[in-house]
Amino acid sequence: MLLAVDIGNTNIVVALFHQEELVHEWRMFSDPNRTSDEYSSILFSLMRDAGVTLASIHSSILSSVVPLLIGPFITVLERITGKKPFIVGPAIYDKLDIKIPEQAVHEIGADIVCNAVEAYGDLKSPCITVDFGTALTLTAIGGGGEILGVSIAPGLRTAVNSLFHNTAQLPSVPLEAPPDSLGTNTIHSIQSGIVLGYKGLVEFLIDKMKTDMAGKTGISKDDIRIIATGGLNSVLKPISSVFQTVDKQLTLKGLRRIASLLE
């Protein structure tokens, strides 16, 4: 089996794949102050509780947007498999089915690469991935698998937390759509600004990116598929019809696909 680890700014997601099937998934908080021993203890406990034996895991792959956690998790994964993990980074990009602009090779996020690899690998057509994480990232992928560009904004939760922590009287509120845009109390007013505001932001950016992709490559806007991922995509899904596909495991599946290309 393959052990895939996706380290984000807020959460670390660990998945176990048997061939193409995701058989286990675990989450823990991202904490750069934790040591490899602490993360090993947590992960070993989770696997033991799930009845997973270390001998059943033959390889591992790591994606991280938190540089301080790469070293500790290399150690953790070496303890589990007895060998170094594959690491999503510039050293392996020439082996992928997508094309990363030369100027972006050393700065593009590993999670963005994983999303692009899975989206294009599955669709084999132009698409835009929309990842609702700590940051909101929209990635445009052309018909030949080339990454045409990325748009980055604060994530929904990041925006709400910033409002809550930097104002004296505004509370933290549930991330759900209000009855309408005319907020008549503080909670509905914030939901109107954040949730409905982000609906407008996402839909505008998708339309703008489609237009720019069509203008630069000749792709028809109607042929561009939109794939949403990330835990907070469920906030906008009920109030927007812009997404053709929603796949919360897109990044993890991208890790599995990358590992299959490297093995």
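View 1. Ser151 sits in strand β8, where strands are DSSP runs of E with at least two residues and helices are runs of H or I with at least four, numbered from the N terminus. Setting aside neighbours within four places in sequence, Ser151 is in contact with Leu136, Thr137, Leu138, Leu205 and Met209; contact means heavy atoms within 4.5 Å. Ser151 is buried, with a relative accessible area of 17%. Buried stands for under 20% relative accessible area, exposed for over 50%, and partly exposed for values in between, using a 1.4 Å probe and protein chains only. Please keep in mind that this is a predicted model, in which local features need pLDDT of at least 70 and side-chain atom pairs count only at pLDDT 80 or more, while totals for chains, interfaces and linings use all residues. Residues are numbered from 1 along each chain as its sequence is written, and side-chain values use heavy atoms, with hydrogens and water left out.

**View 2. The largest pocket.** This pocket has a volume of about 910 Å³. Among its 37 lining residues, those closest to the centre are Asp111, Asp131, Gly133, Thr134 and Ala135. A pocket here is an open set of points on a 1 Å grid over the protein atoms alone, where a 1.4 Å probe fits, with protein on both sides within 12 Å along at least five of seven lines; lining residues have an atom within 4 Å of a point. Points are joined across faces, edges and corners, and the volume is the space filled by probe spheres set on them. Strand β8 gives the most to the lining, with four residues. The lining divides into 14 nonpolar, 15 polar and eight charged residues; Ala, Val, Leu, Ile, Met, Phe, Trp, Tyr, Cys and Pro count as nonpolar, Asp, Glu, Lys and Arg as charged, and the others, Gly among them, as polar.

View 3. The 14 residues of α3 (110-123) should span 20 Å at 1.5 Å a residue, and the end C-alpha atoms are 20 Å apart, which agrees; the expected span is 1.5 Å times one less than the number of residues. Of these 14 residues, 12 are buried, including Asp111, Asn115 and Glu118. The buried residues pack against β4 (59-64), β6 (127-132), β7 (135-141), β8 (147-154), β9 (225-229) and α7 (250-262).

**View 4. The largest nonpolar core.** This core has 33 residues, and Val88, Tyr93, Ile98, Ile100, Val113 and Ile258 have the most contacts inside it. Elements giving two or more residues are β1 (2-7), β2 (11-18), α3 and α7, with α3 giving the most, eight residues. A nonpolar core is a set of buried Ala, Val, Leu, Ile, Met, Phe, Trp, Tyr and Cys residues joined through side-chain atoms within 4.5 Å. Not counting residues up to four places away in sequence, Val88 touches Ile61, Leu62, Ser63, Tyr93, Ala110, Val113, Cys114, Leu255 and Ile258.

**View 5. Two residues with positive phi.** Most residues other than glycine have a negative phi. Gln19, in the loop between β2 and β3 (21-29), has a phi near 55 degrees and counts as exposed at 67% relative accessibility. Lys124, in the loop between α3 and β6, also has a phi near 55 degrees and counts as partly exposed at 49%.
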